[in-house]
Amino acid sequence: MRKTVLALFAFVGLAGMAQTGVIKGIVIDKQSEQPLQGATVELLNIEVATGTISDFDGRFILKDVPLGRQAVQISYIGYESITIPNVIVTSGKDVSLTISLLESFNQLDEVVLTSDTNKDRPLNKSATVSARQFGIEEVTRFSGGRSDVGRLAANFAGVSTPDDSRNDIVVRGNSPIGLLWRVEGIPIPNPNHFAAFGTTGGPVSAINPNMLKNSDFITSAFPAEYGNALGGIFDLGFRNGNVDNYEFTAQAGAFTGLEATAEGPMGDNNGSFLLAARYSLIGLIGGGAGGASTAVPNYADISFNLNFGKGKLGNFSLFGILATSNIDFLGDEIDEDDLFAAEDEDLFVESRFGVLGIKHRINLGNNTYLQTIVGGSLAQSEVNADRYFNKDTPDERVIPFFDTDDLENRLTFSTLFNSKLSNKVTLRSGILVENFGLESLLRDREEQPDTDGDGDPDFATVRDVDESFAVVQPYLQGRFRLTENITLNAGLHSLYSSLNEQFVFEPRAGIKYNFSNSQTLSFGYGLHHQPAPLPLLFINENSNGETIQTNRNLDFVRSSHYVLGYDIKLAANWRGKIEVYYQDIDNALVEPFPSSYSSLTEGADFVFDNDRVSLVNDGTGFNRGIEFTLEKFFSKGYYGLLTGSFFESRYEGSDGIERNSPFNNGYVVNFLIGREFKIGASGRNVLFVDTRLATSGGQYFTPIDLEASQEAGFEVQQENLAFSERFNDYFRWDVKFGIRLNSSTKKRSHQFYVDLQNVTNNENAFVRRYNRLTNQVDQVNQIGFFPDFGYKFQF
């Protein structure tokens with residue numbers, strides 16, 4: 001043991017003699033997104049001044065940069081200078097930055113302002129309120145995050161996650177189905193392993209964070225280029241590979257699995273490739289995840305981004321994701337408290353997800369560009385369940401009980417025209433066209449009668465559809481700098497579906513007023529629509545002996561967003577923010593007779609209700625609340641984040657009774673803090689620790705009628721008391737610590753971490769359900785204490 005300790009300290013000491021690193025990137029105009037030649041890029045806070053100038057394509061490179069966190073200042077004549085702090089430089093990988101400069105309001109012949117760039121500002125400058133950018137460093141830094149962008153969002157104000165087993169995102173009390181995922185500018189289906197038809201979350205993300213550049217997360221009053229969503233926008237972008245050198249990453253983690261990433265130059269036009277692949281570590285070694293199941297989850301994904309560089313016809317790139325997953329729950333191996341399966345069933349789950357797109361961008365002058373994307377995507381899920389009767393007796397028999405095969409594919413065309421008319425006015429217009437192809441079959445015996453007299457419930461066909469339809473979304477957005485301190489973003493979005501032939505207009509507007517160097521007041525409004533969830537639209541109903549789909553022509557659900565925000569820079573690295581919001585929802589789907597049901601309660605599970613037919617657009621709801629953020633950006637060796645949301649989420653079904661929605665937690669509070677300690681002879685290697693505390697009000701649920709369930713043989717809920725009972729408050733504490741080391745002689749770096757999740761082993765409720773084997777109502781708790789770990793090697 002003593003020799004091991006001495007060897008570790010010797011390794012750390014050698015690592016302290018590590019070589020320097022590289023910072024490179026591109027400088028662009030924030031409004032026109034065109035490269036800026038001649039921008040000055042300087043490395044701050046070092047003994048020997050280091051700087052460079054961007055070239056004709058806006059590119060720059062800083063060599064021999066000391067390892068550790070560095071600050072870079074970028075300036076250009078007639079533009080507002082910015083400083084980028086906390087650029088993490090390692091010996092294993094070059095740092096790549098994309099830097100946007102804003103032309104000064106009065107076009108002075110000198111640099112007029114220097115400010116820090118903060119992650120609280122979105123990349124999309126048309127997003128006035130309720131928006132924030134994030135990057136790979138945040139996705140992988142926070143404890144309990146499992147390198148999952150969905151779980152990262154749970155740390156932001158206004159966001160909660162319903163349970164630890166899935167990464168569904170509840171934004172300001174909205175159902176998770178109100179969330180829109182986008183990759184490289186096009187909408188995509190659910191990007192998660194083990195995803196179910198119509199949902200937006202899942203147990204394991206298929207988005208590899210090693211692929212991501214800084215991206216946007218928007219929670220309300222979306223800019224006009226976004227549509228077909230009510231709750232939030234995850235706008236993800238893939239970074240380009242290293243255009244100068246080949247770089248590789250190998251890593252392993254309990255949740256993320258085995259990973260490999262490769263990148264480097266491609267072609268003669270500053271092109272590059274980036275390729276990343278992952279495979280489930282648990283699937284390789286066997287065993288369950290944190291006691292959730294004895295079943296073994298297998299999942300794998302490959303992501304890529306090929307940038308062919310700048311040619312005579314513009315810039316072309318090819319991007320994509322391919323993902324597959326499967327898991328088998330065998331009744332003989334299932335515990336009675338399993339989260340997802342039962343002892344008298346064999347359950348087989350398989351899913352596939354894919355995206356492939358070609359992006360083209362061409363400059364039409366110095367201040368205008370046209371971007372076009374053609375893509376295709378698919379999401380397929382197959383779930384089959386065989387149920388045993390009289391199990392472990394001489395009369396044992398097994399029959400197919402549930403069978404679903406859902407395939408959604410999309411062909412997408414998107415074009416965007418962006419023009420900077422002046423330093424005060426930028427216009428953006430475009431159109432998004434999606435052609436949906438849907439093949440869906442659902443057969444189920446649950447709650448079915450025995451009309452053929454064979455002693456078993458009928459195997460009823462709930463959904464059987466082979467359908468195609470189009471969704472078209474044109475938009476126009478303008479950004480107007482009315483004064484040096486007042487900016488107006490205004491636009492119009494439209495939505496059309498060939499399925500119900502409905503066409504709607506959606507005005508959007510936001511105004512931001514910087515009434516001092518450290519304080520900003522903002523207001524945003526937006527009208528938003530979203531079609532009914534596909535699993536509800538195509539449910540079969542028997543009418544006079546004829547099978548029809550009575551939900552297919554339903555109107556869009558409609559929501560109006562109102563947001564008022566106040567932002568203050570409390571000190572050099574401290575920022576505070578408060579937002580007050582109200583969301584008014586109508587046209588929700590409800591039953592045509594007095595009932596507590598509403599489509600606003602769907603979406604936080606693998607399945608939708610499959611017996612809601614002849615629905616009408618008469619439901620309403622609202623979400624209102626206040627949220628705050630106190631953030632300490634990294635400085636003096638530590639960072640911190642405190643977010644709080646206090647809100648109310650209510651709805652009305654066709655019975656006219658106002659009820660809690662299942663997403664009405666009431667409050668969500670997150671506290672994160674992290675510290676880094678420099679070690680080694682030069683102090684350029686790092687020990688780090690991060691901890692997260694999360695708590696929220698308990699979820700509302702509908703009580704079960706035990707007597708009726710025992711008589712029926714399946715769960716019967718007391719729908720007249722919908723969402724009237726509540727679980728205990730949620731609490732979780734995660735702790736993450738590790739070490740980051742740089743090689744003393746070669747371009748290599750190592751990182752180790754241990755992430756202790758739910759260290760107090762708190763028993764947070766997962767679900768309360770009727771157990772047909774014990775004829776009792778049981779509560780199943782979420783995953784308890786679970787240690788995650790990881791290792792990353794960059795070279």
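Is Glu-408 buried or exposed? Glu-408 is buried, with a relative accessible area of 9%, where buried means under 20%, exposed over 50% and partly exposed in between, using a 1.4 Å probe and protein chains only. This is a predicted model, in which local features need pLDDT of at least 70 and side-chain atom pairs count only at pLDDT 80 or more, while totals for chains, interfaces and linings use all residues. Residues are numbered from 1 along each chain as its sequence is written, and side-chain values use heavy atoms, with hydrogens and water left out.

Glu-408 sits in strand E25 (residues 397-420), a strand being a DSSP run of at least two residues, numbered from the N terminus. Leaving out residues up to four places away in sequence, Glu-408 touches several residues, including Pro-189, Phe-197, Phe-436 and Leu-534, contact being heavy atoms within 4.5 Å.

Charged pairs can be followed from Arg-172, which forms a salt bridge with Glu-579, the closest N and O atoms being 2.6 Å apart; a salt bridge is a side-chain nitrogen of Lys or Arg within 4 Å of a carboxyl oxygen of Asp or Glu. Because Arg-172 lies in the loop between strand E11 (170-171) and strand E12 (179-183) and Glu-579 in strand E34, the pair ties together parts that are 407 residues apart in sequence. Arg-172 is buried at 3% relative accessible area, and Glu-579 is buried at 3% as well. Glu-627 also forms a salt bridge with Arg-172, at 2.5 Å between the closest N and O atoms, and Glu-627 counts as buried at 5% relative accessibility.

Conventions
Helix = DSSP H or I, 4+ residues; strand = E, 2+ residues; numbered from the N terminus.
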